[in-house]
Amino acid sequence: MLIVSRVQSSMAVRSSVLLYWFHVFCAGVFADVWKVTVEPEMQALVSSCVVLPCSFKYPVQEQPTDRIRAMWHKKDNWDDIIFHKDPTRVKDSFKGRTNLIGSLGGSNCSLEIDEVKNHDNGPYCFRVELETSKKDKYSFVENCVSIKMIEQASKPELQAEHSVQEGEPAVFTCSVRHTCPSHQPTLTWNHTGKVIMSYKNIGHGNWETQSVLTFSPKQEDDHSTVACTVKHHGNVKGEMTATHRIFVKEQATLSHILIPVISGLGSALLFGLLCFFIAKKRYRSRPGQFTPQGGQNVITRKSQEDTHSTVLFRCEGTEANTQQLLMYSSATNQDKTPPLITL
């Protein structure tokens with residue numbers, strides 16, 4: 001009996017070991033075929049909406065949407081269902097606020113939560129049930145989503161040049177990031193022009209809405225303010241408008257070229273005339289004078305004292321365009337006839 005007891009005990013131990021390794025093996029295989037991909041944490045604007053991106057994989061062949069039952073529930077309480085095909089099973093505080101926006105047949109389990117409350121933090125987990133078998137169901141409680149609430153929105157980002165050229169196209173770019181692609185925010189401008197809107201998935205459940213405004217500034221736009229205002233889905237609070245002051249450079253015309261040139265020439269002419277009159281005035285202030293004598297131009301230079309000699313220059317014009325220079329020299333208190341020098 002002792003031998004039989006030992007054999008049975010040994011077999012029980014071996015069975016336990018085999019069952020353990022079988023469980024580990026099956027768990028690995030099971031995990032490989034039941035998969036879900038979600039973002040572990042999302043941000044959401046209170047009073048707006050948020051979309052929790054989700055995709056999944058199941059072990060059997062691909063099923064149509066109507067043969068897949070999907071639901072979302074709280075991690076700590078599976079009975080707290082926030083989305084179900086049967087609305088009567090949805091928790092009262094989430095009724096009418098949740099919706100699957102993906103196609104289950106395409107393995108898309110993305111969930112939209114509208115009118116986000118500041119207590120919708122989660123975490124929330126996805127569960128799938130296939131109608132192929134009662135055993136084909138799985139809750140992905142190891143991959144759930146938590147939501148971080150944002151009470152007030154931040155103003156959009158506005159990019160543009162501070163100085164723009166009059167008459168040439170100027171580009172202004174306004175953008176805002178969000179997590180509500182099912183209800184994209186709108187961006188409006190306080191200035192008319194050509195507007196192009198675009199929406200881009202920037203990954204991890206985040207989206208960017210962008211508006212590009214193009215117009216040709218006029219002179220009256222100088223020192224004006226260009227403003228971009230965002231309107232989120234729902235009754236979102238926060239700073240909604242971004243502003244940008246612009247300075248318009250006046251367009252160069254022919255008058256802009258002629259006026260500086262004429263001004264420069266006028267200044268140069270005035271300066272030349274001023275120099276001429278100053279030089280003439282200084283010359284006349286010297287102790288000498290022009291005296292006409294017999295139709296001839298005579299320059300007489302007298303000294304301040306009678307003791308110095310006096311030199312007289314007389315210029316005569318002839319028909320042959322020759323000049324004569326008469327030089328006279330006289331001593332003090334003497335009246336002598338000076339010699340004549342002819343050139």
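Arg97 is buried, at a relative accessible area of 5%; buried here means under 20% relative accessible area, exposed over 50% and partly exposed in between, with a 1.4 Å probe and protein chains only. This is a predicted model, in which local features need pLDDT of at least 70 and side-chain atom pairs count only at pLDDT 80 or more, while totals for chains, interfaces and linings use all residues. Residues are numbered from 1 along each chain as its sequence is written, and side-chain values use heavy atoms, with hydrogens and water left out.

Let us stay with Arg97 for a moment. Arg97 sits in the loop between β6 (81–84) and β7 (98–100); helices (H or I, at least four residues) and strands (E, at least two) are DSSP runs numbered from the N terminus. The Arg97 side chain reaches the backbone oxygen of Glu115 at 3.0 Å, and a polar contact of 2.9 Å links it to the side chain of Asp120. A polar contact is a pair of N or O atoms within 3.5 Å; within protein, one must be able to donate a hydrogen and the other to accept it, and residues adjacent in sequence count only if both atoms are side-chain atoms.

Now to the strands, which pair if DSSP finds at least two bridges between them. Here are some of the pairings:

| Strands | Sense | Bridges |
|---|---|---|
| β2 (residues 41–45) and β11 | parallel | five |
| β15 (residues 170–178) and β18 (residues 206–215) | antiparallel | nine |
| β19 (residues 225–231) and β21 | antiparallel | five |

An open antiparallel sheet has the strand order β13-β15-β18-β17. Its edges are β13 (157–159) and β17 (194–203), each with a single partner strand, so one side of each lacks a neighbour in the sheet. Within the sheet, His178 has Trp207 in β18 as its bridge partner.

Finally, Leu269 lies in helix α2 (residues 254–284) and counts as exposed because its relative accessibility is 55%.
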